[in-house]
Amino acid sequence: MSSVTRVVLAEDEVLLREGLVALLTRFDFTVCAAVGSAPDLLAAARDHQPDLVLTDIRMPPGRRDDGLRAAVALRTERPDLPVVVLSQYVQTGYAAALLDSGDGQRVGYLLKDRVAEVTEFVDTLRRVAGGGTAVDPDVVRQLLHRPRDPLAALSAREREVLALLAEGRSNASIAGRLHVSEAAVGKHVGNILLKLDLPPSDDTNRRVLAVLTYLRADPVT
């Protein structure tokens, strides 16, 4: 990496984006592009081949986890690409998705509040750009206090529903098997996704992720 760190920045809030550009420039980063959507982030990163990508998680067009998805896609293409994502609040699922991307190194997950701590924020960017990993302390605390069994938070009924999901059953099929309403199954599925802390995405993908979590979990003894 060159002595000057070249950055592609993605943030849809114009004032915050301009503030970040000014901050980065003040600390001798070179901002190659500052964009406001996930597709523009993908295009800019591919075009400029930066030393660091800094992106918000929630971005247009979907305003859900589009920024995170773009970051993970870029890391799939270039596993050694340093990426720092900013989040409005703690979501351990987002952190896990980022840490699982690429080679698992050169990633950072920070709450937006940390930007106000300028020196620490800039140091974090430099550390990630230099090959390190940085996860917000609040996220670390939540990760450390999560139960080792990812299914521990699920009720007995929710475990039953998840097991049937793993068999590839639809909500209607599960409702018939458990002799409950389809609406009740939908509620159970929603609770499962919430308790497993799965990042928002399309429902089909989240169901697959829930099943993968179930299959990876240690058997209940």
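Tutor: A crossing is right-handed if the near helix is turned clockwise from the far one by less than a right angle. Keep that in mind for this predicted model.

Student: How is the crossing of H2 and H3 classed, left-handed or right-handed?

Tutor: H2 passes H3 in a right-handed crossing.

Student: What makes H2 roughly parallel to H3?

Tutor: The axes of helix H2 (residues 38-48) and H3 cross at roughly 25°. Angles under 35 degrees count as roughly parallel. Therefore H2 is roughly parallel to H3. Their axes come within 9 Å.

Student: Which residues make the contact?

Tutor: H2 gives Ala38, Leu41, Leu42, Ala45 and Arg46. H3 gives Asp66, Gly67, Ala70, Ala73, Leu74 and Glu77.

Student: How many residues of each class are in the contact of H2 with H3?

Tutor: Seven are nonpolar, one is polar and three are charged. Gly counts as polar.

Student: What is the order of the strands in the open sheet?

Tutor: Six strands run in the order E2-E1-E3-E4-E5-E6, with parallel pairing.

Student: Why are strand E2 (30-35) and strand E6 (134-135) called edge strands?

Tutor: Each pairs on one side only.

Student: How do you know that strand E4 and strand E5 pair?

Tutor: Pairing needs at least two bridges. E4 (residues 83-87) and E5 (residues 107-111) have five bridges, so they pair, in the parallel sense. For one of them, take Val84: the bridge partner in E5 is Gly108.

Student: Where does helix H3 pack on the sheet?

Tutor: H3 (residues 66-77) touches E3, E4 and E5. Its direction makes about 160° with that of E3.

Methods
Residues numbered from 1 in each chain as written. Predicted model: local features only at pLDDT ≥ 70, side-chain atom pairs only at ≥ 80, totals over all residues. Heavy atoms only, no water. Helix = DSSP H or I, 4+ residues; strand = E, 2+ residues; numbered from the N terminus. Contact = heavy atoms within 4.5 Å. Axes fitted to C-alpha atoms, helices over the stretch in contact; angles between N-to-C directions. Parallel < 35°, antiparallel > 145°, perpendicular 65-115°, else oblique.
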